[in-house]
Amino acid sequence: MKTNGYGFWIGSAVVLALACIAAATIKNEYYFFAAYIVVQFVVLATAWNILGGYAGYVNFGTSAFFGVGAYIAVMLIKWMNLPLGLQIVAAACVGGALGFAVGLLTLRLRGIFFSIATVAVTIILETAVINWRFVGGATGVQILRPPVMEPFDSYTKMLFVCAVILAIIAVAIARYIETSWIGRGLRAIRDNEEAAECTGVPTLKLKLAACAISGALMSAAGAPLAMYQSFVEPASAFNLTYSVSALAMPIIGGTSHWIGPVIGALLLGTVQQVVTVTISSELNVLVVGVLLVVFVVGAPQGIVGLFVKLREKIKGKNI
Amino acid sequence: MKSIRLFAAWLSAALLMAAATAQAQGTSGQPIKIGIGIAQTGALSGGGKAALVALQLWVDDVNAKGGLLNRKVELISYDDQSSPAVTPGIYTKLLDIDKVDLLIAPYATVPTAPLMPLVKQRNLLLMGNFSFQVNHTVKHDMWFNNAPWNDASSWSDGFFSTGGRLGATTVAFLAADQEFAQNLANGARELSKKLGLKTVYEQNYPPSTVDFSAMIRAIRAAKPDLVFVASYPNDSAAIVRAVNEIGVGPSVKLFGGGMVGLQFTPIMESLGSMMNGIVNYNTYVPGMDYPGIKNYFERYSKRAIAAKVDPLGYYITPFNYAIGQMIEQAVTATKSLDHKVLAAYLRKNEMKTIVGPIRYGPDGEWASPRVITTQFRGIGDKNVDQFKLPGKQVILSPASVKTGEIVAPFEKARK
């Protein structure tokens with residue numbers, strides 16, 4: 001697929017403008033509550049795809065980074081009452097450092113062994129938070145939202161616009177990685193790590209960079225959770241559902257292109273939101289599982305792959 | 001010309017009257033919507049499903065009487081998956097899309113906590129549903145909890161006052177390292193200090209613990225007079241089994257206190273005689289008589305069996321029915337659905353419910369807590385019906401509902 005720099009930034013500006021217009025005109029807060037979750041998953045899925053999609057390292061530790069982001073925000077609120085923007089920046093820094101550290105320890109493992117190690121990270125961090133009384137420990141902590149900032153009339157709308165900005169930043173970073181030498185290096189690692197190493201690709205450095213960037217974005221996505229829920233407790237902040245969804249969305253959308261995780265998150269996130277309040281929450285989890293199996297078996301390249309195949313077919317017919 | 005004007009005036013008046021009638025019919029014809037997000041899946045679903053059966057029973061009862069303010073009552077419920085992450089979205093949908101008139105909180109503390117800032121921000125009445133200290137930080141003045149407790153010590157007061165009467169001087173604490181259990185244990189520690197008891201053993205265990213044999217042996221070695229346990233359902237069952245196998249020694253006068261799960265029918269049925277002698281908290285047991293409660297349980301039991309939920313439902317369900325009764329009393333008395341008006345009524349007046357009269361304190365919790373402390377006696381194995389009989393759980397405290405005296409020490413009471 002060709003990438004058009006201007007087109008991407010114009011598209012991003014349009015999306016942000018539409019989000020702001022929606023926040024200014026739509027009174028019903030429910031849409032923003034639901035849309036926030038969907039956009040949050042765009043960030044998580046895009047972040048997951050940087051390491052999982054481009055480099056082929058399947059990370060089950062999304063919930064660890066997400067939970068760390070949430071708890072960094074909680075800590076900063078309780079400690080210094082810092083504003084939301086600084087909470088997100090701090091969470092991204094800590095998430096990046098954590099990603100780097102976790103990468104150093106685990107990236108020498110491959111395949112299923114790496115995945116198991118990332119699950120362990122979630123369990124270790126959740127246990128640490130359970131025993132950290134300052135942030136509420138196992139009990140959790142209630143957070144009172146500060147007054148909303150101008151020009152917003154509700155905190156939820158502000159969080160939604162904030163999530164859209166985060167999503168644009170995440171997608172822009174993923175797009176840059178994909179189209180630059182970093183992306184080429186990561187793809188070489190995914191296809192054959194030994195061959196990449198032999199041809200001079202700095203495999204460990206690239207994997208560490210991918211892990212740190214991915215971790216930073218996941219933690220940044222977790223930071224607004226404290227204000228979104230007004231309550232954070234370890235079981236929900238470190239919930240494995242985040243890991244499963246962040247993995248399922250790029251696989252459904254397609255891992256080879258930056259738009260894949262976006263499509264997957266918008267599709268699956270929206271379906272999950274609709275199913276939760278219409279049919280049954282049990283089906284919500286089932287939907288993820290069934291879609292994942294269907295796409296892995298029927299369309300391993302995801303929706304993007306299907307689209308590429310369709311386009312090639314049409315081209316072939318025209319020739 | 002004059003006749004045309006007269007005709008136009010009549011026509012206008014007729015149209016206005018028709019519009020007014022249509023509007024009035026529209027309001028009175030529409031049901032009063034009550035919204036709730038309640039666990040139907042996840043860890044809290046056992047209680048959530050039974051609670052929903054009780055609430056639906058109240059809705060059917062009130063509709064059979066003609067509804068409220070001559071309008072039918074409709075309960076709109078969503079599954080919160082036992083997760084606090086889902087609660088804000090569900091309640092915003094209830095308010096902004098479903099346009100509910102009144103709100104009932106989710107079952108239990110964790111899913112309720114995220115809801116408190118939302119209702120405070122929007123100035124909404126919220127009927128609490130078995131949560132604990134959830135209004136502690138937010139201090140919302142339109143919150144009314146249905147559960148018969150207020151602070152942490154109200155749970156374990158009966159256990160320690162009974163222990164004090166038995167001349168206890170030492171205590172051991174065993175608590176799950178989780179939210180509710182830790183709050184409970186903290187309240188118990190305060191009461192223990194007040195009584196001047198010496199702590200000879202103290203252990204917090206991870207929530208995933210399945211083997212308690214080492215802890216029970218350590219308690220036995222410490223030779224305490226009282227053993228206070230704050231545990232969750234699965235842990236409670238495992239602890240009771242460990243005690244049954246190993247024993248806690250002859251020094252122990254009382255064992256139990258804050259064991260969640262020993263109130264749930266499937267666990268009580270499964271443990272059977274192993275529970276004999278345990279002194280534990282509860283909210284309702286057979287033998288406590290309030291107007292309408294027997295009739296309620298007869299009807300609840302039929303529905304619960306059909307819905308395949310807790311067939312006895314003593315612990316939670318009558319308090320859920322009571323939420324409906326309180327709404328009914330407040331709406332009928334004030335003839336209003338205005339949240340401020342209803343909250344003012346609930347704050348000032350005594351509520352008449354199937355779990356007895358309820359008066360609220362300034363924090364929206366019961367002004368006089370009524371958590372009961374009971375001792376299991378004469379329990380046999382594999383018999384659900386025995387739990388319907390008074391005397392199987394003897395009430396030791398509070399004095400107002402007391403049905404018997406403590407049998408101690410623990411080893412003697414187990415026989």
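## Contact between the chains

Two residues are taken to be in contact if their C-beta atoms, placed from the backbone, lie within 7 Å. On this basis, 27 residues of chain B are in contact with 23 residues of chain A in this predicted model. Three helices of chain B each give two or more residues to the side that touches chain A: α3 (87-96), α5 (115-121) and α7 (179-195). Of these, α3(B) provides the largest share, six residues.

By class, the side of chain B that touches chain A consists of 13 nonpolar, nine polar and five charged residues.

## Overall form of chain B

Chain B contains 14 helices and 14 strands. Along the principal axes, its C-alpha atoms fill a box of roughly 110 × 40 × 35 Å. Of the 415 residues of chain B, 53% count as buried. Among contacts in chain B with a separation of 6 or more, 73% are between residues 24 or more positions apart.

## Domains of chain B

The domain assignment of chain B gives two domains, each made of two segments: domain 1 (31-145 + 291-354) and domain 2 (153-284 + 370-414). The C-alpha centres of these domains of chain B lie 30 Å apart.

## The five-stranded sheet

One open sheet of chain B has five strands in the order β2-β1-β3-β4-β5, with parallel pairing. Its edges are β2 (73-78) and β5 (143-145) of chain B; each has a single partner strand, so one side of each is left without a neighbour in the sheet. Direction ignored, neighbouring strands of this sheet are turned by 25° against each other on average.

Strand β1 (residues 32-37) of chain B runs parallel to β2(B), and six bridges join the two. Within this pairing, B:G35 has B:I76 of β2(B) as its bridge partner. Helix α3(B) packs on the sheet, where it touches β1, β2 and β3 (102-104) of chain B, and its direction makes about 175° with that of β1(B). The helix α3(B) is also the element with the largest share of the side of chain B that touches chain A.

## The seven-stranded sheet

A second open sheet of chain B is formed by seven strands in the order β7-β6-β8-β9-β10-β13-β14, and here the pairing is mixed. The edge strands are β7 (198-205) and β14 (393-397) of chain B; each has a single partner strand, so one side of each is left without a neighbour in the sheet. From one strand to the next, the twist averages 25°.

An antiparallel pairing over four bridges links strand β10 (residues 279-282) of chain B with strand β13 (residues 372-376) of chain B. In β13(B), B:T374 stands opposite B:N280.

Helix α8 (residues 213-222) of chain B lies across β6 (170-176), β7 and β8 (226-231) of chain B and runs at about 175° to β7(B). Helix α9 (residues 233-246) of chain B lies across β6, β8 and β9 (254-259) of chain B, at about 150° to β8(B).

## A helix of chain A

Helix α9 (residues 203-222) of chain A has 20 residues, which at 1.5 Å a residue should span 28 Å; its end C-alpha atoms are 28 Å apart, which agrees. The helix α9(A) is mostly covered, with 16 of its 20 residues buried.

Key:
Residues numbered from 1 in each chain as written. Chains lettered and ligands numbered in written order. Predicted model: local features only at pLDDT ≥ 70, side-chain atom pairs only at ≥ 80, totals over all residues. Nonpolar A, V, L, I, M, F, W, Y, C, P; charged D, E, K, R; others polar. Pairing = 2+ DSSP bridges. Axes fitted to C-alpha atoms, helices over the stretch in contact; angles between N-to-C directions. Domains from an automatic or database assignment. Expected span 1.5 Å × (residues − 1). Buried ≥ 20, exposed ≤ 12 C-beta atoms within 10 Å, placed from the backbone.
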